[in-house]
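Let's take a walk through this model together. Have the sequence and the 3D view at hand as you read.

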Amino acid sequence: MPVINMDDLTDKDKALMAVNQLKTEIKLERWLTSKCCEEIKAYIQAGEEEDILFKGIAEDKNPFKEKGGCVIF
Amino acid sequence: MGEMEELRKEMENLKDQITAARKTFQDSTLQEAAAGVTVVGRVQLKTRKTLRGHLAKIYAMHWGTDSTLCVSASQDGKLIVWDTITTNKVNAIPLKSSWVMTCAYAPSGNLVACGGLDNMCSIYNLKGKDGNVKVMRELAAHTGYLSCCRFLSDTEIITSSGDCTCVLWDIETGTQKTVFAGHQGDAMSLGVSPDFKFFISGACDFTAKLWDIREAECRQTFGGHESDINAIGFFPNGNAVITGSDDATCKLYDLRADQELLTYQDSSIMCGVTSLAPSKSGRLLLAGHDDFNVNIWDMLKAERVGVLAGHDNRVSCIGVSTDGMACCTGSWDSFLKIWN
């Protein structure tokens, strides 16, 4: 669908487009959810250690650490 | 039976067939797969920086790929490029139209884009010869507001619009390369896949669609939300999609199973989701809501494990930097905050 002008389409054109789209989507080759869930879990667990928002970061290694403040000796 | 009535019946029939086909591949849930995983302990992120400078509501923000610079757009009529570490404003770009709703940073760092009620996507060159930031191109053809835009490169950008379409533009010629039509409501948000081959769009027809950029077709459509989808993003590995809706929930859809895996909801959360971003590993999902908060979810266990409370008005945008080091929130209170 390169360039089309939506304003040129009638309601019937749009309905036909929707029906054709559904016909395409039915044919999709699907995977079992069990396989997909395992992949997602594996991906997350492989990356968790390096995920700063999840693991946290030491103050002195944090590029966003708050500057300044007083040091009491 | 009239033609339209016949077409409607055929549509319902086809949708039922798709629902049935999806069910036959539903042999387990993400909850079951994650049964042995311990839920994340309470996540408490701190505000490390507050970016002050906008004079009105912030509607959008986007990190640059260097994880240091970011761009924000406000209805004070300005785009500001910030150095998030020093909090300095690298550029403050005055806009022709102050009704801006979205902004984007090109992966190269050379360009930024924005748009809104002017129905246009304006491209700005940050690295012009004389040092001044100027409009490089105005991409005009949408007949509705620009809700979102994302660069594929310095020469191509994808936009989503209130006219229900998404468009792939050639920036150099300023022309449309492809119009992605199919949504039956305003397209509100879009996200590009990590390999740049696909993009996803969320719309006011309550569905999310996956589009093949080069084949110029819609591959899959995901339903289930009970209201407008305002926010959408790819799960970090590119094989799943996360949506956020006015129905106050977020959903995770897997592209290969072609169906929803999980809904992130809590009876105490009644405000619509405005924005979302997964953490780098995908373990956490940060979702901004109308009630001024950002909820943090454990994506595997679907439990809320934290809240970012710090803004005095709606959180309109959120983004996690490319290296996963920090999250940035933008709000109607005119401030951006950096958290980790």
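How many residue pairs are in polar contact between chain A and chain B? In this predicted model, the count is 16 residue pairs, with both residues at pLDDT 80 or more. On the chain A side, α1 (11-26), α2 and α3 (52-55) each supply at least two of the residues that touch chain B.

Now step back to the interface as a whole. Chain A brings 47 residues to the contact and chain B brings 77 residues. The size of an interface is often expressed as the accessible area that is lost when the parts come together. Here about 5300 Å² is buried between chain A and chain B, and carbon and sulfur atoms give 67% of that area.

Next, turn to a sheet in chain B. Four strands make up an open, antiparallel sheet in the order β18-β19-β20-β21. β18 (229-234) and β21 (259-264) of chain B each have a single partner strand, so one side of each is left without a neighbour in the sheet. From one strand to the next, the twist averages 20°. Within the sheet, β19 (residues 240-245) and β20 (residues 250-254) of chain B run antiparallel and are joined by five bridges; A240(B) has D254(B) as its bridge partner in β20(B).

Terms used: Residues numbered from 1 in each chain as written. Chains lettered and ligands numbered in written order. Predicted model: local features only at pLDDT ≥ 70, side-chain atom pairs only at ≥ 80, totals over all residues. Heavy atoms only, no water. Pairing = 2+ DSSP bridges. Axes fitted to C-alpha atoms, helices over the stretch in contact; angles between N-to-C directions. Contact = heavy atoms within 4.5 Å. Buried area = accessible area lost by both parts, 1.4 Å probe. Polar contact = N/O pair within 3.5 Å; in protein donor to acceptor, adjacent residues only side chain to side chain.
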